[in-house]
Amino acid sequence: MARRKQNLFEDLIAITSKLPWWVGVVLAIVAYVWLHNIAAGEVTAVAQPGQMGQLATQTLFKTLALFGQYLLPFAFLVGAAMSAFGRYKRRALHEQVAASPDRGALNGMSWQQFEALVGEAFRRKGYAVTETGGGGADGGIDLALKKEGETFLVQCKQWKAYKVSVTTVRELYGVMAAEGATGGFVVTSGVFTDEARAFAVGRNIELMDGKALHALIRGVSVPSKAAAASPAATPAGSPACPVCQSAMVRRTAKRGANSGNEFWGCSHYPGCKGIRAI
């Protein structure tokens, strides 16, 4: 079925609903004050016949402002209300899963709820989260994370009965390279294939299965499978992380006294921040 096209009014509501609720309230106040001043202003009298176009323009703006001073703030306030309600639902969903004794709660939700839950989990870890709308239950980047000036991309796969294959991880890695992202996450309610886990090693991609996601939401620390991997899974010449024993990758310091110097950093950064000197 073809998707119905939205009008400008609906677009404003949709955009505002993705912003913090207080931003929508501020926009509503600013829009009302600005348009009200225009609507209440006097139309400049026409001194010469050649200024009829200016009079028509002023009259048009005044008429648009007369209606817009109510319609535009209303759209912003509706979007703010939707944002606040969405925030409430995400918090409630997070608390519901956190209170569940097992990860079975992840399987009873829609993919939209799953993405909202993952976004809320990362927000509580200090990330600024942008919902990019990856294209439905299957495709694209679903979340963009910002923290300390660095960008991380997230793909959500709410697959209950299937393993996430290496293809998905390769796709994320390609987008990371194109966007210049520092790292990425693939989050699923299911599990990953061995090929997917092997590909992620050393590429700053963290694979988070249903068990790991449930532990993250509950605030429980669990060792990752990569941390338990044998030394053969570590790239040649790469030491093990002193914190989680995962493979390490070469990085370059971007700031501070050591800016420009290389060091070994954990491949599971930012989940693990273990480092070694080179």
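Me: At about what angle to β7 does helix α7 run, where this helix lies across β5 and β7?

Reply: This is a predicted model, in which local features need pLDDT of at least 70 and side-chain atom pairs count only at pLDDT 80 or more, while totals for chains, interfaces and linings use all residues. Residues are numbered from 1 along each chain as its sequence is written, and side-chain values use heavy atoms, with hydrogens and water left out. Helices (H or I, at least four residues) and strands (E, at least two) are DSSP runs numbered from the N terminus, contact means heavy atoms within 4.5 Å, and axes are lines fitted to C-alpha atoms, for helices over the stretch in contact, with angles from 0 to 180 degrees between N-to-C directions. On that basis helix α7, residues 210-218, lies across β5 and β7, and its angle to β7 is about 90 degrees.

Me: Which strands stand at the edges of the open sheet of five strands, and why is one side of each left without a neighbour?

Reply: Two strands pair if DSSP finds at least two bridges between them, and the open sheet of five strands, with mixed pairing, has the order β1-β2-β3-β5-β7. Each edge strand has a single partner strand, so one side is left without a neighbour in the sheet, and these strands are β1 (128-131) and β7 (205-208).

Me: Which residue of β3 is the bridge partner of Leu 143?

Reply: Strand β2 (residues 143-147) and strand β3 (residues 150-157) run antiparallel and are joined by five bridges. For Leu 143, the bridge partner in β3 is Val 154.

Me: Is Asn 204 buried or exposed?

Reply: Asn 204 is placed in the loop between α6 (194-200) and β7, and its phi is near 55 degrees, a positive value in a residue other than glycine. The cut-offs for relative accessible area are under 20% for buried, over 50% for exposed and partly exposed in between (1.4 Å probe, protein chains only). Because its relative accessible area is 5%, Asn 204 is buried.

Me: What relative accessibility does Glu 148 have?

Reply: Glu 148 is found in the loop between β2 and β3, and its phi, near 55 degrees, is a positive value in a residue other than glycine. Glu 148 counts as exposed, because its relative accessibility is 52%.

Me: Which residue in β10 does Gly 265 stand opposite?

Reply: Strand β8 (residues 248-252) pairs in the antiparallel sense with strand β9 (residues 262-266) over five bridges, and Gly 265 of β9 is the bridge partner of Val 249. β9 also pairs in the antiparallel sense with strand β10 (residues 275-277), over three bridges. In β10, Gly 265 stands opposite Ile 275.
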